[in-house]
Amino acid sequence: MSAPGGIEYTRVRDLHGPLMVVEGVSGVGWDEFATIVLDSGERRHGLVLEVNRDLAVVQVLEDTAGMDPGGTRIAFSGTPLRIPVGTGWLGRVCNGRGEPADGGPPVLGPVDAPVGGAPINPVRREPPTEAVLTGVGAIDVLTTLVRGQKLPVFSAAGLPHLQLAVQVAAQATCGGEAFAVVFAGMGLTHADAAFVRDGLAERSAAGELVLLLNTADDPVIERLLTPRLALTVAEHLAFEEGRHVLVLMTDMTAYSEALREVSAARGEIPARRAYPGYLYSDLASLYERCGRIRGRPGSVTVLPVLTMPAGDITHPVPDLTGYITEGQIVLSAEVHAGGTYPPVDPLGSLSRLMRKGAGKGRTREDHPPVAAQLIAALARAREVRELADLVGRPALSAIDRRYLDLEDAFLHRFLAQGTDENRPLDEALDRAWDALLTLPPSQLGMIPAALLDAHRAAGDDHPGGEGTPP
Amino acid sequence: MTAPAGRHDAAPDAPADALAPVRAELIRAARADADAVLDRARADADETLRAARAQAASLLEQARRDGARDGAAEAARERVRARQDAWSRELAARAEVYADLRGRVRAGVREALADDAALRARLEERARALLGADARITAAAGGGVTAETPGRRVDLTADALTDRALARLGARAETLWAP
């Protein structure tokens with residue numbers, strides 16, 4: 001991350017906000033990384049936003065406050081930002097541009113890698129298989145996360161998405177195989193950053209976590225680097241070190257807003273809601289860095305968290321994210337208002353690759369039919385609830401009332417979970433059965449008869465297990 | 001004149017107290033009632049005592065469980081905190097060693113530059129190669145040179161050379177603390 005033994009430029013023509021215009025430069029390219037030395041000896045860093053003849057516009061990561069144009073030197077590295085990669089990152093807590101925030105030495109690594117990375121060659125991609133278990137019942141059973149998948153969490157302001165992200169980061173495992181978590185926090189408040197550090201202290205102490213924290217008061221361009229740094233570190237841990245790596249990136253809306261701000265500073269033509277026209281390809285350049293590579297061990301699984309401004313799922317950030325990713329976990333304000341954590345909306349959530357990671361030989365034979373049946377039953381329950389709002393509960397048929405009971409059992413016996421409760425998949429599936437068996441067998445047509453009989457026999461003491469249509 | 005016959009004949013057969021049986025029955029009934037009330041009271045007291053004992057045992061069991069859980073949670077927290085503290089100290093020690101390495105290398109480079117005129121000539125040559133023959137070259141206080149032309153500068157001081165060399169050293173510096 002330091003300048004080579006090259007030339008420093010000393011003619012700073014202008015400083016405004018985070019931007020610095022340097023003149024007399026030659027051979028400088030876009031996105032090049034720059035090291036800036038102040039008169040006092042203080043070092044700052046920057047990225048080239050624009051080059052025109054001998055002028056370069058540099059965005060200073062730490063802002064230009066206190067800089068004297070007469071005593072500032074800028075050295076360009078000749079390449080976009082590169083970082084050392086390796087297992088030296090494990091257990092470290094760094095700021096959004098990879099500098100230590102834990103009192104340790106700089107993070108060192110045997111090799112460097114460009115943070116821009118390169119998405120995996122589609123020809124060399126191995127389809128995702130095998131689950132990453134999060135210890136959160138609703139995710140593991142209904143929207144199973146598969147190694148190499150990209151599955152975003154769609155949330156809204158005021159919902160506990162950060163808590164869920166931290167819980168997943170603290171609990172996730174890969175069936176006993178070498179595993180690591182890279183957590184990239186973007187635009188977090190200091191309180192949120194402290195919450196993340198505390199929540200992940202155990203995993204960090206175990207040397208299984210890389211924590212990159214960009215806080216809300218950090219420069220916006222650093223926010224653009226944070227997820228790229230996280231993915232660069234993760235790619236090396238996965239494809240060179242053979243670990244399965246889960247990358248959590250929160251909050252991608254804060255990232256997109258930073259992209260909008262930098263785009264405006266570059267004078268680019270704004271597109272939808274003033275986001276740059278390349279928002280889709282920029283997000284894809286991050287999300288598509290997940291996956292598995294043929295002939296290499298390890299995998300990179302990405303779980304980005306984004307908040308939908310005003311809960312609007314058609315907002316450009318969730319909209320474009322939805323085009324790229326393989327499903328979504330939607331958090332619901334209604335479930336949250338009902339006091340249930342995690343407030344996952346089962347009908348809005350979907351993991352498109354779930355079939356590749358769930359079922360016999362992967363999770364449990366009954367997993368896919370139970371999940372499908374539960375979703376179908378909840379969809380019917382929602383219709384029944386709407387009907388009950390119109391005609392009143394007493395006017396419902398006995399079967400319809402059972403569906404309302406099922407919804408209740410789903411919320412309280414299956415979905416509800418403690419924020420520090422690591423629920424094994426077996427227990428989560430048993431709870432799903434428990435909720436399903438509030439319905440009579442005639443309503444459980446998506447579950448093979450043999451499985452249903454086996455579970456009804458096992459759960460004979462369950463009050464709903466004996467259920468027959470009244 | 002004789003006394004009426006019935007008066008003297010009836011007297012020996014008449015009960016001493018005609019209300020005695022009633023009184024006796026009332027007493028018996030009252031005693032039976034009292035016994036029943038007493039029995040009930042005893043039973044109530046026993047039941048209350050049993051319930052209280054059961055509740056006390058259950059509370060004690062719950063308290064034991066809560067205590068064990070809280071203790072385990074606190075022990076787990078303490079363990080994590082201890083591991084964190086140990087790791088923080090290790091990181092701080094690594095940072096200190098790394099800073100020490102930097103300081104020693106700087107001192108070594110300064111010394112080498114002060115003693116070796118040929119090395120300084122090579123630095124000047126390098127500076128001219130980068131900035132051109134008309135570059136103004138100044139000897140730096142800590143060893144090495146800086147060279148300047150309008151708008152450009154090259155830093156070949158001992159400190160700058162050290163920093164670049166350490167950055168190139170990369171993970172090899174980890175041998176300082178690797179077992």
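Two strands are said to pair if DSSP finds at least two bridges between them. Helices (H or I, at least four residues) and strands (E, at least two) are DSSP runs, numbered from the N terminus. This is a predicted model, in which local features need pLDDT of at least 70 and side-chain atom pairs count only at pLDDT 80 or more, while totals for chains, interfaces and linings use all residues. Residues are numbered from 1 along each chain as its sequence is written, chains are lettered from A and ligands numbered from 1 in the order in which they are written, and side-chain values use heavy atoms, with hydrogens and water left out.

**View 1. Two hairpins that share strand β5 of chain A.**
Strand β4 (residues 33-37) of chain A pairs with β5(A) in the antiparallel sense over five bridges. Within this pairing, F33(A) has L47(A) in β5(A) as its bridge partner. The hairpin of β4(A) and β5(A) has five residues between the strands, and G41(A) in the turn has a positive phi of about 95°. β5(A) is also joined by six bridges to strand β6 (residues 55-60) of chain A, and these two run antiparallel. Here the bridge partner of V51(A) is A56(A) in β6(A). Two residues lie between β5(A) and β6(A) in their hairpin, where R53(A) in the turn has a positive phi of about 50°.

Domain bounds come from an automatic or database domain assignment. For chain A this assignment gives domain 1 (8-76), domain 2 (82-355) and domain 3 (367-458). The C-alpha centres of domain 1 and domain 2 of chain A lie 31 Å apart. Contact (heavy atoms within 4.5 Å) involves 11 residues from domain 1 of chain A and 10 residues from domain 2 of chain A. Buried area is the accessible area (1.4 Å probe) that two parts lose on being put together, summed over both. Between domain 1 and domain 2 of chain A, this area is about 920 Å², with 65% given by carbon and sulfur atoms. On the side of domain 1 of chain A, L49(A), Q59(A) and L61(A) lose the most area to domain 2 of chain A, together 53% of what that side buries. Across this interface the rule finds zero salt bridges, a salt bridge being a side-chain nitrogen of Lys or Arg within 4 Å of a carboxyl oxygen of Asp or Glu. Strand β5 (residues 43-52) of chain A gives the most to the side of domain 1 of chain A that touches domain 2 of chain A, with five residues.

**View 2. The interface of chain A and chain B.**
The contact takes 31 residues from chain A and 26 residues from chain B. Together the two chains bury about 2200 Å², 57% of it on carbon and sulfur atoms. Two salt bridges are found across the interface of chain A and chain B. In a salt bridge, the side chains of R73(A) and D155(B) meet at 3.5 Å, N to O. On the side of chain A that touches chain B, β1 (7-9) and α4 (201-205) of chain A each supply at least two residues. β1(A) also pairs with strand β3 (residues 152-157) of chain B, in the antiparallel sense over three bridges. In this pairing Y9(A) stands opposite R152(B) in β3(B).

**View 3. An open sheet of chain A.**
The open sheet has eight strands in the order β9-β16-β15-β17-β19-β14-β20-β21 (chain A), with mixed pairing. β9 (93-95) and β21 (350-351) of chain A stand at the edges with a single partner strand each, so one side of each is left without a neighbour in the sheet. Strand β14 (residues 153-155) of chain A runs parallel to strand β19 (residues 299-307) of chain A, and three bridges join them. S155(A) stands opposite T307(A) in β19(A).

Most residues other than glycine have a negative phi, and most peptide bonds are trans. T250(A) and D251(A) are joined by a cis peptide bond, with omega about 10°. D251(A) lies in the loop between β17 (244-250) and α6 (252-265) of chain A. Another cis peptide bond joins Y341(A) and P342(A), with omega about -5°. P342(A) is found in the loop between α9 (333-337) and β21 of chain A. E130(A), although not a glycine, has a positive phi of about 70°.
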